[in-house]
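I opened this notebook to write down, step by step, what I looked up in the structure shown here. The entries follow the order in which I went through it.

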Amino acid sequence: MSITTTARALDLLQRAVNSDIYHSFRSSKMVMVAAVVSAVMIIGATFSPILAPHNTLDLASISLIDSLTPPVWMEDGDSRFLLGTDDQGRDMLSAIMHGARVSLFVGFASVLFAMVLGVSLGLISGYAGGFLDSFIMRAAEIQLSFPAILIALLIDGIFRGALDAKTHDELAVYVMILAIGLSFWVQYARTVRSSTLVEKGKEYVEAARVTGLPPFLIVFRHILPNVTGPLLVIATINLALAIITEATLSFLGVGVPPTEPSLGTLIRIGNDFLFSGEWWITIFPGVALAVLVLAVNLLGDWLRDALNPKLR
Amino acid sequence: MGLRRSLIAVASVAALCVASGAQAKTFKWAFQGDAQSLDPHTLNETFTLGFLSNVYEGLVRRGPDLQIEPSLAESWELLDPNHWRFTLRKGVKFHNGNDFNADDVVFTFDRIRMDGSDIKTKVAPDTKVVKVDDHTVDFITTKPNPIVYYEWDNVLIMDKEWSEEHNAAAPTDVTKDSENFAAFNANGTGPFTVESRETDVRTVFKPNADWWGEAKHNVTEGIFTPISSDATRVAALLSGEIDMMYPVPVQDIKRIDSNSGTVTLTGPELRTIFLGMDQSRDELLYSSVKGKNPLKDKRVREAFYKAIDIETIRKKIMRNLSTPSAIMVSPFLFSKSSKYERIGYDPEASKALLADAGYPDGFELGMDCPNNRYVNDEAICQAVVAMLAKVGVKVNLLAQPKAQYFKKVLGYDTSFYLLGWTPGSFDSWNVMYNLLSCRDDAVGRAKFNLGGYCNAELDKLTDEVLVETDPATRDSKIEAAYDMLAADIGYIPLHQQGLAWAKKDSVDLVQRADNQFMLHFVNVK
């Protein structure tokens with residue numbers, strides 16, 4: 001990163017803190033609550049190996065005798081298991097914390113992947129124009145006409161066919177990141193392309209071109225820093241979407257394997273026990289997922305409004 | 001005028017619909033997986049064979065109490081100890097209109113002994129099948145076999161002309177990706193025809209109007225849907241979307257019984273669920289141990305046995321709908337089974353045995369498990385994995401749908417697996433021949449002994465039991481074989497699972513103890 005971009009970023013940060021955004025953050029209780037909830041969940045999930053009361057990934061520590069224990073406030077509850085245990089005797093609270101970690105990892109990584117891909121294609125499309133532009137944008141439009149979940153299912157299906165079951169289980173998390181990332185790149189590409197079209201005609205780009213800089217450098221060193229503004233908003237909203245998509249895929253049984261359960265996998269496992277009264281196995285992961293997605297979404301919505309000059 | 005005419009048309013169409021609705025008896029049922037194939041010789045699995053027994057028939061069949069009845073064969077007699085004569089039923093037609101005759105029987109018995117057939121073990125490789133005339137077939141064995149036809153209810157007869165015409169004279173091999181016409185189309189002699197089939201989605205059956213027997217059902221259309229999710233299957237029954245489903249997830253039996261209009265049928269099943277271990281390879285597959293096979297060491301097998309807490313599995317996973325077992329056959333099928341007791345659960349002794357065998361820190365190995373075949377199969381495997389983890393053995397579980405699972409393990413590509421077995425003849429010889437004797441791939445002996453357990457003396461007893469006619473001597477030989485197996489710890493028997501079906505009150509059907517469901521006995525009120 002060059003000095004100019006660092007300075008620019010610092011400047012941006014300072015302006016952000018001093019200005020309307022910070023003010024609007026302080027003035028909305030809901031956003032503050034959402035931020036706190038998100039922070040707690042992200043910290044709880046990230047540091048789950050240290051914070052969780054049990055290590056549910058270590059099979060030697062779980063015992064079938066403890067299975068199907070209800071939450072602690074119910075009859076037969078056990079103080080060791082705050083939210084009860086599942087059919088194999090895993091502590092639900094720890095399982096949720098570990099599960100949220102997988103969900104968040106997949107969410108963040110796939111958003112990052114989609115962003116890198118989408119921004120690169122958007123920049124190329126906007127700057128190069130002509131045939132390349134048409135080609136990329138038509139491909140984007142075709143993909144937009146399919147729901148993201150369908151694309152993710154398709155990509156996962158291809159990998160499932162190409163890899164044997166064992167390899168697929170091992171790589172499941174990365175396949176998931178690839179599948180979700182590939183189904184979300186379009187928004188970034190379209191946004192960046194339109195900003196690039198605007199920036200392309202400005203004097204500083206002209207000046208850079210006159211000095212003989214190669215297009216690659218013009219695009220990444222000069223245009224890119226000026227089109228990143230809206231990306232943060234898209235990324236935040238997409239993070240919630242990516243988490244939901246991962247949970248949906250895992251719920252359908254095509255996501256991460258049960259040996260490394262995400263929130264969606266936990267809901268799927270618990271689903272089998274809904275009729276028999278062991279509601280805590282599915283309800284708690286469900287609530288955790290809903291709260292996490294809602295909090296992230298509220299943050300995203302607020303960020304969108306706060307950064308929108310028309311609403312200021 | 002035009003309006004009036006169209007109104008009359010609508011009314012008469014509606015009347016027609018109502019009229020046919022009153023008579024149409026559609027029966028919808030669900031199982032946790034689909035039949036592997038429509039080819040009746042592809043997989044020796046209770047569900048697939050039971051499913052296809054609605055469409056295809058064997059020379060004999062089994063009634064509601066599992067007693068053997070004549071089917072495509074009207075009668076049979078023993079001419080001399082090695083020579084059986086079967087008289088075939090006359091006037092039977094396949095669904096495509098072809099006549100059923102001795103050529104089809106000879107063809108079928110050749111077909112099931114070809115490469116790729118999974119039911120090779122139902123007839124000895126050196127048995128001669130000879131056509132005498134169009135409706136008489138002789139079976140000439142090299143050794144006397146008093147129970148030669150006991151498993152022939154599951155040797156489903158195919159039409160020679162139809163199979164050859166469609167290039168399906170050889171069976172499709174479940175361990176390979178080969179498929180042929182017979183895997184997607186069915187042409188049997190049975191009481192139902194396959195109207196349409198989408199693999200893993202839906203199969204529609206229609207009654208065969210030209211069937212030779214007397215129909216004991218009133219079904220005009222049977223629709224089968226595989227529903228792998230337990231909760232979805234229960235919900236489908238509770239909401240009335242289907243009329244019958246099995247297996248019932250054990251945790252939901254109470255819920256279904258307390259719901260008005262639905263009821264569960266439970267009972268002991270003849271199936272034994274067990275763990276198998278690779279004892280033939282010199283180096284274990286999917287393991288951290290290189291250059292040797294720890295499972296060849298009896299101490300390691302005993303350590304595995306002692307690490308498993310079967311009582312907790314019974315209580316917590318099977319919710320008491322299982323009977324822990326010490327032998328590889330249901331107590332209903334062997335009179336002396338009560339003398340056998342399981343080796344007790346003792347994790348400390350298990351650890352000591354592992355240390356003694358040279359694995360004080362345990363080792364790592366892979367395990368194969370189906371996830372839609374037996375009651376709570378995947379949950380049992382997960383529990384076994386956790387229990388072995390407690391004694392230091394790290395098991396990497398690969399739980400797959402049965403289509404992929406069988407493809408893998410029947411190719412012997414496994415080191416540790418969970419399997420269930422119901423002897424097709426309801427007799428211990430079937431268990432000994434298929435699971436306990438030494439594997440001989442050339443003749444298909446012990447084809448389902450996936451871990452390659454081999455004890456020469458037990459192997460010898462298997463052949464003796466087959467030809468032994470005195471019941472007491474026969475039982476004591478079987479007993480000796482089970483003693484040897486227990487001493488060797490060749491397998492780890494887990495339990496006999498319970499049978500749990502659920503249906504609407506408005507449906508009558510027959511629950512057979514071998515867990516085969518026959519559309520032929522269904523009556524819809």
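**Entry 1, a hairpin in chain B.** I began with S8(B) and S9(B), which form a hairpin with 3 residues between them, and I noted that Asp200(B) in the turn has a positive phi of about 70°. Strands here are DSSP runs of E with at least two residues, helices are runs of H or I with at least four residues, and both are numbered from the N terminus.

Before going on I noted that this is a predicted model, in which local features need pLDDT of at least 70 and side-chain atom pairs count only at pLDDT 80 or more, while totals for chains, interfaces and linings use all residues. Residues are numbered from 1 along each chain as its sequence is written, chains are lettered from A and ligands numbered from 1 in the order in which they are written, and side-chain values use heavy atoms, with hydrogens and water left out.

Strand S8 (residues 192-198) of chain B and strand S9 (residues 202-207) of chain B run antiparallel and are joined by 6 bridges; two strands pair if DSSP finds at least two bridges between them. I found Thr193(B) bridged to Lys206(B) in S9(B).

Buried means under 20% relative accessible area, with a 1.4 Å probe and protein chains only. In a regular strand the side chains alternate between the two faces of the sheet. Here Phe416(B), Leu418(B) and Gly420(B) lie on one side and Tyr417(B), Leu419(B) and Trp421(B) on the other, and all are buried. Strand S12 (residues 262-277) of chain B pairs with S16(B) in the antiparallel sense over 6 bridges, and Gly276(B) stands opposite Tyr417(B).

**Entry 4, between the chains.** The area buried between chain A and chain B (accessible area lost on being put together, 1.4 Å probe, summed over both) is about 2,000 Å², of which carbon and sulfur atoms give 59%. I counted 1 salt bridge between chain A and chain B, a side-chain nitrogen of Lys or Arg within 4 Å of a carboxyl oxygen of Asp or Glu. The side chains of Glu278(A) and Arg319(B) form this salt bridge, at 3.0 Å from N to O.

Note on methods:
Buried area = accessible area lost by both parts, 1.4 Å probe. Buried < 20%, exposed > 50% of the residue type's maximum accessible area, 1.4 Å probe, protein only.
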